[in-house]
Amino acid sequence: MEKTIKVLAISGSLREKSSNTALMHAIIGLARENMIFSVYNGLGDLPHFNPDLDVDDGPESVLDLRTRLNEADAVLICTPEYGNGVPGVLKNALDWLVSSGQFMNKPTAVVTASPTPMGGDKAHDSILLTLNMINATIVEGGTMMIPHINLKLNKEGVITDAITEKGLSSLLESLVEACS
Ligand code: FNR
């Protein structure tokens, strides 16, 4: 029997009609039966990172994030780029994880999607720097930049571009392989 893989999925956008959140759900829809996804919706609830608050009985939202990561075998991040960088809320979450170690050796896949022709390349590079710093295992074949996301994902959140869909299926396969 195939091993069940628990994946925590995180979108870096708080926007209700976020293309990255819709994309994250579309990717979940492509997953094999042995992948169980849990969506983390708490980025907006985390306090601004402050080491003074990072004590044993620290903020409940932070403990919840750490618990959710501890319970996950792997992580999928889908994020936009803002101001040539990682959205502040997502970077803030990662800052809370620098000293606590939840990403240590955690198989992680990263997708950036943007309506621009660049696909969020700066946010992509930047988040990989941070994830590498906290010793996440960036899965080989587990990174993807999607330019012109508005032409590849329709308003119903369905991927309409076959090459993009194939690439995302392959990204999930890479995540599974890394966990096997
Ligand atoms: C953007 N956007 C953007 N896109 C990009 O590729 N690089 C960038 O630096 C920025 N910067 C930026 C700043 C601000 C203030 C806004 C409002 C937007 C465009 C961004 O990619 C687009 O709005 C996406 O649709 C946001 O992602 P979600 O919310 O759809 O997932």
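L175 touches V7, A74, L76, P107, A109, V139 and G142, leaving aside residues up to four places away in sequence; two residues are in contact if their C-beta atoms, placed from the backbone, lie within 7 Å. That makes a handy way into this predicted model, where local features need pLDDT of at least 70, side-chain atom pairs count only at pLDDT 80 or more, and totals for chains, interfaces and linings use all residues. Residues are numbered from 1 along each chain as its sequence is written. The protein has five helices and five strands, and along the sequence they follow the pattern β-α-β-α-β-α-β-α-β-α. Helices (H or I, at least four residues) and strands (E, at least two) are DSSP runs, numbered from the N terminus.

**Overall dimensions and burial**

- The protein has a radius of gyration of 16 Å, which agrees with the value near 16 Å for a compact globule of 180 residues. The radius is taken over C-alpha atoms, and the globule rule is 2.2 Å times the number of residues to the power 0.38.
- Along its principal axes, the C-alpha trace spans about 50 × 45 × 25 Å.
- Of the 180 residues, 37% count as buried. A residue is buried if 20 or more other C-beta atoms lie within 10 Å of its own, exposed if 12 or fewer, and partly exposed in between, with C-beta atoms placed from the backbone.
- Among contacts with a separation of 6 or more, 80% are between residues 24 or more positions apart.

**The sheet**

- The five strands form an open sheet with the order β2-β1-β3-β4-β5 and parallel pairing. Its edge strands are β2 (35-40) and β5 (137-146), each of which pairs on one side only. From one strand to the next, the twist averages 20°.
- Two strands pair if DSSP finds at least two bridges between them. Six bridges join β1 to β2, with A9 opposite V39 in β2.
- Five bridges join β3 to β4, and V75 stands opposite T108 in β4.
- Strand β4 (residues 107-113) is joined to β5 by six bridges, and V110 has T143 in β5 as its bridge partner.

- Helix α4 (residues 121-133) lies across β3 (74-79), β4 and β5, running at about 160° to β4. Axes are lines fitted to C-alpha atoms, for helices over the stretch in contact, and angles run from 0 to 180 degrees between N-to-C directions.

- In soluble globular proteins, nonpolar side chains tend to be buried together.
- The largest nonpolar core has 45 residues, of which V7, L23, V75, L76, L172 and L175 touch the most other members. Helix α5 (residues 162-179) supplies the largest share of this core, six residues.
- A nonpolar core is a set of buried Ala, Val, Leu, Ile, Met, Phe, Trp, Tyr and Cys residues joined through C-beta atoms within 7 Å.

**S11 in strand β1**

- S11 is found in β1 (residues 5-11), a strand with six of its seven residues buried, so it is largely enclosed by the rest of the structure.
- S11 is itself buried, with 28 other C-beta atoms within 10 Å.
- Not counting residues up to four places away in sequence, S11 touches S18, N20, T21, M24, C78 and T79.
- S11 and Y40 are 29 residues apart in sequence and 7.8 Å apart in space, C-alpha to C-alpha.

**Two loop residues with positive phi**

- N84, in the loop between β3 and α3 (88-97), has a phi near 65°, a positive value in a residue other than glycine. N84 counts as exposed, with 12 C-beta neighbours inside 10 Å.
- N135, in the loop between α4 and β5, has a positive phi of about 65° although it is not a glycine. N135 is exposed, with 11 other C-beta atoms within 10 Å.

**From the record**

- Over residues 5-148 the chain is 33% helix and 25% strand, and the end C-alpha atoms are 31 Å apart.
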